[in-house]
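Here is a short report on a protein chain, written to be read with the model open beside you. We will go through its cores, a cavity, some strands and a loop.

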Amino acid sequence: MRGILRHPVRRMERAGLRTGLRWKVSAAIALVAGLVAVVLSLVVHNAARVSMLDNARELANDRLLTAQRFYELGRGPVIPYVKIDDPSLPPALREKVERGRRASDVSEHGGVADIWAAVPAKDGHVLSLHSHLPDRSTDMLRDLDQALVIGSVAVVLGGSALGVLIGGQLSRRLRKAAAAANQAAAGETDVRVQEAIGGVVRDETDELARAVDAMADALRQRLEAERRVTADIAHELRTPVTGLLTAAELLPPGRPTELVLDRAKAMRTLVEDVLEVARLDGASERAELQDIMLGEFVARRVAAKDPDVAVRVVHESEVTTDPRRLERVLFNLLANAARHGRPPVEVTVEGRVIRVRDHGPGFPEELLAEGPSRFRTGSKDRAGQGHGLGLTIAAGQARVMGARLTFRNVRPAGAPAGIPAEGAVAVLWLPEHAPTNTGSYPMLPLSGGN
């Protein structure tokens with residue numbers, strides 16, 4: 001399941017822009033809170049100003065009526081600011097008063113409210129009063145605006161803090177879900193996303209976790225079924241292939257017999273490789289650990305396998321690993337280099353790192369991007385020979401040892417990507433400590449050579 005899930009995840013990580021959900025939620029809440037605060041502030045400000053202007057106009061009308069009564073009693077306009085036939089009276093207001101109507105008006109000039117009130121007298125004159133919004137009202141309106149600004153800022157900051165808290169909680173749950181999903185994709189079958197996120201509150205994250213768990217279970221069951229079918233088929237083929245090989249060895253010497261023997265041996269190798277891949281996919285393999293001198297071990301094994309391959313030990317190191325699996329990985333890398341590359345093939349040991357390089361056309365881009373894939377041959381896999389299981393088995397055995405196997409192509413320094421490779425390099429990184437997380441167990445050193 002790991003090989004199926006990890007590559008789409010990597011592609012999505014490369015394609016998407018990484019942003020924090022916490023800050024998105026915080027910015028959204030702050031923006032909405034700011035808009036609401038601004039709208040409410042404008043509404044409150046306008047309502048307060050309209051109320052103050054209406055009160056000031058009513059006060060001007062009351063004063064003007066009082067001045068009218070005194071004027072008609074012959075005492076003159078005793079109210080300050082009341083004038084008779086004021087030439088600066090607005091024409092629209094004068095026109096209404098000349099019709100015998102009492103009128104008032106409020107207008108804005110340079111941000112200052114002008115309050116006019118006029119009333120006709122019995123002798124045909126016009127009494128008018130011109131005033132402005134009282135200083136007390138202006139101060140109150142200014143204090144109200146200041147309070148609204150402070151309140152708006154407080155609302156925005158509070159909304160942002162609330163967004164950080166809400167987004168942070170949701171982000172933590174999603175990160176836990178992502179971590180658990182990655183663990184499941186890495187082959188840890190006992191990991192459950194819904195249990196990993198925990199919490200008392202149930203939301204859409206739990207629905208997502210349940211869906212991921214259900215998908216992982218279904219995929220795991222499907223892969224296990226396919227693995228069992230593959231293993232059963234390979235196991236059933238073992239007996240007839242062995243019989244075929246035995247029968248071919250009894251044939252009389254000659255070219256036809258050599259061809260039959262060659263194909264029978266190739267079929268037996270393929271069956272054994274398929275069985276090994278099925279065992280590795282079952283995640284039941286365990287490393288048998290020993291302490292070895294890595295450079296010496298690699299030099300002896302390579303010399304026994306192919307004396308023409310040069311081994312260079314840059315730095316000797318003692319490692320704790322599984323010698324049998326390490327030899328399997330090393331031989332598969334050498335076989336891949338010999339089959340798909342070109343000589344010379346070079347092996348370098350530096351500390352805990354083993355590099356196998358050839359001077360062929362390099363690995364295909366699909367392998368570099370996605371890793372080894374079984375039964376992928378043809379033009380996509382260098383020379384187009386083999387059944388595509390060698391590197392898959394090497395990667396699986398490396399995983400059991402707790403090691404990491406990487407692949408890259410060698411190109412001239414500064415050369416663009418389109419320039420053909422000058423060789424391929426497979427790098428095996430052995431861990432510093434024994435891979436206890438794979439359930440491996442130590443063994444006593446074998447007598448004699450490793």
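Which residues touch the most other members in the largest nonpolar core? They are Val298, Leu326, Leu333, Leu334, Ile354 and Leu428, out of 32 residues in that core. A nonpolar core here is a set of buried Ala, Val, Leu, Ile, Met, Phe, Trp, Tyr and Cys residues joined through side-chain atoms within 4.5 Å. Buried means under 20% relative accessible area, exposed over 50%, and partly exposed in between, with a 1.4 Å probe and protein chains only.

Before going further, a word on the source: this is a predicted model, where local features need pLDDT of at least 70 and side-chain atom pairs count only at pLDDT 80 or more, while totals for chains, interfaces and linings use all residues. Residues are numbered from 1 along each chain as its sequence is written, and side-chain values use heavy atoms, with hydrogens and water left out.

**The chain and its cores**

The chain has eleven helices and twelve strands; these are DSSP runs (helices H or I, at least four residues; strands E, at least two), numbered from the N terminus. Of its 450 residues, 35% count as buried. Helix 9 gives the most, with seven residues. Leaving aside neighbours within four places in sequence, Val298 is in contact (heavy atoms within 4.5 Å) with Val311, Leu330, Val347, Val349 and Ile354. Another core lies apart from this one and has 18 residues, including Ala48, Ala60, Val82 and Ala121.

Helix 11 is largely enclosed by the rest of the structure, because eight of its eleven residues are buried. Leu391, Ile393 and Val400 are among them. Just after helix 11, Gly402 takes a positive phi of about 80°.

**The cavity**

The structure holds one cavity of 30 Å³ or more, and the largest cavity has a volume of about 50 Å³. A cavity is a set of points, on a 1 Å grid over the protein atoms alone, where a 1.4 Å probe fits but cannot get out; lining residues have an atom within 4 Å of a point. Grid points are joined across faces, edges and corners, and the volume is the space filled by probe spheres set on the points. Eleven residues line the largest cavity, and Leu333, Ala337, Val356, Asp358 and Ala426 are the closest to its centre.

Strand 4 (residues 126-132) is mostly covered, with five of its seven residues buried. The table shows its pairings; two strands pair if DSSP finds at least two bridges between them.

| Strand paired with strand 4 | Sense | Bridges |
|---|---|---|
| Strand 1 (residues 82-84) | antiparallel | three bridges |
| Strand 3 (residues 112-120) | antiparallel | seven bridges |

Lys83 stands opposite Ser128 in strand 4, and Ala117 has Leu129 of strand 4 as its bridge partner. The hairpin of strand 3 and strand 4 has five residues between the strands, and Gly124 takes a positive phi near 90° there.

**A loop residue**

Arg352 lies in the loop between strand 8 and strand 9. Is Arg352 buried or partly exposed? Arg352 is partly exposed, with a relative accessible area of 25%. The C-alpha atoms of Arg352 and Glu432 are separated by 7.6 Å, although the two are 80 residues apart along the chain. Glu432 is also one of the contacts of Arg352 beyond four places in sequence, which include Leu294, Ser317 and Trp429.

Note on methods
On a 1 Å grid over the protein atoms alone, a cavity is a set of points where a 1.4 Å probe fits but cannot get out, and a pocket is an open set with protein on both sides within 12 Å along at least five of seven lines; lining residues have an atom within 4 Å of a point.
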